[in-house]
Amino acid sequence: MSVVENKVVLEVADLRKVYPSPVRGGEPVVAVDSVSLEVLEGECLAVVGESGSGKSTVAKCVVGLESPTVGALRVAGSARLRAPRGRRERVRWASEAQYVFQDPYSSLNPRQNVEDVIGTSVAIHHPGLSPEERRRHVDGLLSDVGLGDGFAQRLPHELSGGQRQRVAIARALASDPALLILDEAVAALDVSIQAQILNLLADIREQRTISYLFITHDLAVVNQIADRVIVMEQGRVVERGRTEDVLRSPQEEYTRTLLAAVPREGWTPRRRERLAASL
Ligand SMILES: Nc1ncnc2c1ncn2[C@@H]1O[C@H](COP(=O)(O)OP(=O)(O)OP(=O)(O)O)[C@@H](O)[C@H]1O
Ligand SMILES: [Mg+2]
């Protein structure tokens with residue numbers, strides 16, 4: 001793991017995001033409350049927390065899919081104070097941070113083959129390439145994510161879930177981003193495919209200068225990929241530290257509860273324990 005000394009790729013300071021109430025006259029929803037975090041160059045920071053704790057909202061603010069109510073964001077050294085304006089700024093933002101979603105099927109155009117999906121992104125971020133050079137670039141990206149030339153002409157529905165996620169990762173890499181946000185990116189895959197994608201992400205991090213913001217509700221995968229972890233509960237960061245410290249000796253009851261849900265050697269599901277106690 002190549003963490004370069006203290007160069008900050010993502011800086012989030014006192015981020016707050018409030019949504020209007022979903023019901024008329026109701027209370028506004030505070031999705032994110034005073035969240036601060038940093039991701040260093042070459043580092044993987046995991047963001048964990050149960051459903052609704054605000055993980056995706058933080059990520060959406062980083063890439064400009066949502067704008068913060070309060071707070072400051074810096075990505076690759078430049079401030080993000082509002083949504084990007086104009087094509088040039090959007091392209092620059094996209095080259096700084098890319099977002100990979102849980103379900104690549106919904107983010108891939110069903111009528112575009114793999115070469116077009118990745119080629120479109122290559123064309124945006126490397127506008128000087130000839131069609132032949134672009135094709136070679138696409139082939140290079142496919143090989144970086146473990147897919148051979150045979151995949152270039154396939155449509156999304158002709159791919160497995162793991163292969164689709166590889167295509168989504170290749171498309172994200174086409175912009176040479178400083179930061180890759182992986183939002184539950186392995187959650188929909190079964191365990192052996194999950195392991196393959198986690199290995200792929202580790203390999204990519206060895207080969208490129210790239211940082212990850214790795215969002216998951218599953219602490220079992222955090223151990224395999226993250227250098228540091230922050231734990232979110234109801235929009236706030238309740239615990240943070242090096243992965244091994246947080247997993248080995250969590251300081252917060254909330255983190256212990258999340259950990260108790262992770263299957264491991266000698267693990268007994270909580271619910272069964274409670275059942276046994278009530279018999
Ligand atoms: N567009 C929106 N409008 C109103 N409320 C929203 C909106 N998006 C998210 N929220 C609310 O903000 C809170 C945080 O949502 P968020 O999607 O960030 O959680 P999450 O930690 O990513 O959850 P999950 O693990 O289920 O993806 C939730 O209470 C959610 O209902
Ligand atoms: Mg989410």
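1. Val-62 is buried, because 26 other C-beta atoms lie within 10 Å, where buried means 20 or more other C-beta atoms within 10 Å of a residue's own, with C-beta atoms placed from the backbone. Val-62 is found in helix H1, helices being DSSP runs of H or I of at least four residues, and strands runs of E of at least two, numbered from the N terminus.

2. This is a predicted model, in which local features need pLDDT of at least 70 and side-chain atom pairs count only at pLDDT 80 or more, while totals for chains, interfaces and linings use all residues. Residues are numbered from 1 along each chain as its sequence is written, and chains are lettered from A and ligands numbered from 1 in the order in which they are written.

3. Leaving aside neighbours within four places in sequence, Val-62 is in contact with Leu-10, Val-12, Leu-73, Val-75, Ala-97 and Ile-181, contact meaning that the C-beta atoms, placed from the backbone, lie within 7 Å. Although Val-62 and Ile-181 are 119 residues apart in sequence, their C-alpha atoms are 9.1 Å apart in space.

4. Helix H1 also gives the most to the shell around ligand 1, with three residues, and strand E2 (29–40) supplies at least two. Of the 13 residues around the ligand, Tyr-19, Ala-31, Ser-51, Ser-56 and Thr-57 come nearest, a residue being near if its C-beta atom, placed from the backbone, lies within 6 Å of the molecule.

5. For the chain as a whole, there are eleven helices and ten strands, and buried residues make up 37% of the 279 residues.

Methods:
A residue is buried if 20 or more other C-beta atoms lie within 10 Å of its own, exposed if 12 or fewer, and partly exposed in between; C-beta atoms are placed from the backbone. Two residues are in contact if their C-beta atoms, placed from the backbone, lie within 7 Å.
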